[in-house]
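The following paragraphs lead through a single protein chain, from its overall order to individual side-chain contacts. The sequence and the model should be kept in view while reading.

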Amino acid sequence: MPDTTKPERPDDRRFTVFVRFPDEKTARRATPDGGTTRRKVHAAILTRAQAERVVELSRSYLDEHHPGSQVWIAPF
């Protein structure tokens with residue numbers, strides 16, 4: 001009997017970008033339009049490359065406007 005469960009390929013995984021501002025205790029998820037939200041349903045589901053691009057684009061803005069903020073990528 002063939003095994004019906006396939007191992008997950010690394011390129012099949014989806015990620016989200018999290019942002020935590022220095023004055024907040026909880027992290028927010030980045031949305032496709034570049035904003036942030038605490039609601040999972042509005043969060044972006046990205047490939048690893050897309051998530052890394054979001055971090056790259058947002059880092060300089062966050063450093064300038066929200067110094068001390070944290071940004072990281074995690075599986076969705």
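Arginine 48 is partly exposed, at 40% relative accessibility; here buried means under 20% relative accessible area, exposed means over 50%, and partly exposed lies in between, with a 1.4 Å probe and protein chains only. The model is predicted, so local features need pLDDT of at least 70 and side-chain atom pairs count only at pLDDT 80 or more, while totals for chains, interfaces and linings use all residues. Residues are numbered from 1 along each chain as its sequence is written, and side-chain values use heavy atoms, with hydrogens and water left out.

The side chain of arginine 48 meets that of glutamate 52 in a salt bridge, with 3.1 Å from N to O; the term denotes a side-chain nitrogen of Lys or Arg within 4 Å of a carboxyl oxygen of Asp or Glu. Both residues belong to helix H1 and are 4 residues apart, about one turn of the helix. Glutamate 52 is likewise partly exposed, at 41% relative accessibility. The charged end of arginine 48 also sits over the ring of phenylalanine 15, 5.2 Å from the ring centre. This description requires NZ of Lys or CZ of Arg within 6 Å of the ring centre and within 35 degrees of the ring normal.

The structure holds 4 salt bridges. Another of them joins glutamate 56 and arginine 53, at 2.8 Å from N to O. These two residues are about one helical turn from each other because they are 3 residues apart in helix H1. Glutamate 56 counts as exposed, at 53% relative accessibility, whereas arginine 53 is partly exposed, with a relative accessible area of 44%. A salt bridge is also formed by the side chains of glutamate 24 and arginine 28, with an N to O distance of 3.0 Å.

The wider setting can now be considered. The protein contains 1 helix and 4 strands, and from the N terminus on its elements run β-β-β-α-β. Helices (H or I, at least four residues) and strands (E, at least two) are DSSP runs, numbered from the N terminus. Of the 76 residues in the protein, 26% are buried. Among contacts with a separation of 6 or more, 56% are between residues 24 or more positions apart, where contact means heavy atoms within 4.5 Å.

Which residues make up the largest nonpolar core? It has 11 residues in all: Phe15, Val17, Val19, Phe21, Ala30, Ala44, Leu46, Ala51, Val55, Leu62 and Val71. S1 and H1 each supply at least two residues of this core. A nonpolar core is a set of buried Ala, Val, Leu, Ile, Met, Phe, Trp, Tyr and Cys residues joined through side-chain atoms within 4.5 Å. Leaving aside neighbours within four places in sequence, phenylalanine 15 has contacts that include Ala44, Leu46, Arg48, Ala51 and Phe76. Valine 55 lies in helix H1 and, with the neighbours within four places again left aside, is in contact with Val17, Val71 and Ile73. The C-alpha atoms of valine 55 and valine 19 are 9.3 Å apart in space, and the two residues are 36 residues apart in sequence.

Phenylalanine 21, a further member of the core, is placed in the loop between S1 and strand S2 (28–30). Phenylalanine 21 is buried, with a relative accessible area of 12%. Not counting residues up to four places away in sequence, phenylalanine 21 touches Arg28, Thr36, Leu62, His66 and Ser69. The C-alpha atoms of phenylalanine 21 and serine 69 are separated by 4.5 Å, although the residues are 48 residues apart along the chain.

Serine 69 itself lies in the loop between helix H1 (48–65) and S4, and is buried at a relative accessible area of 7%. A polar atom of the serine 69 side chain lies 3.0 Å from the backbone oxygen of histidine 66.

The aromatic rings complete the account. Rings of Phe, Tyr and Trp (its six-membered ring) pair if their centres lie within 6.5 Å; planes under 30 degrees apart count as stacked, over 60 as edge-to-face and the rest as tilted. By this rule there is 1 aromatic pair. Phenylalanine 18 and tryptophan 72 form this stacked pair, with 5.7 Å centre to centre and 10° between the planes. The pair links strand S1 (residues 15–20), which holds phenylalanine 18, to strand S4 (residues 70–75), which holds tryptophan 72, across 54 residues. Phenylalanine 18 counts as buried at 14% relative accessibility, whereas tryptophan 72 is partly exposed at 30%.

Conventions
A polar contact is a pair of N or O atoms within 3.5 Å; within protein, one must be able to donate a hydrogen and the other to accept it, and residues adjacent in sequence count only if both atoms are side-chain atoms.
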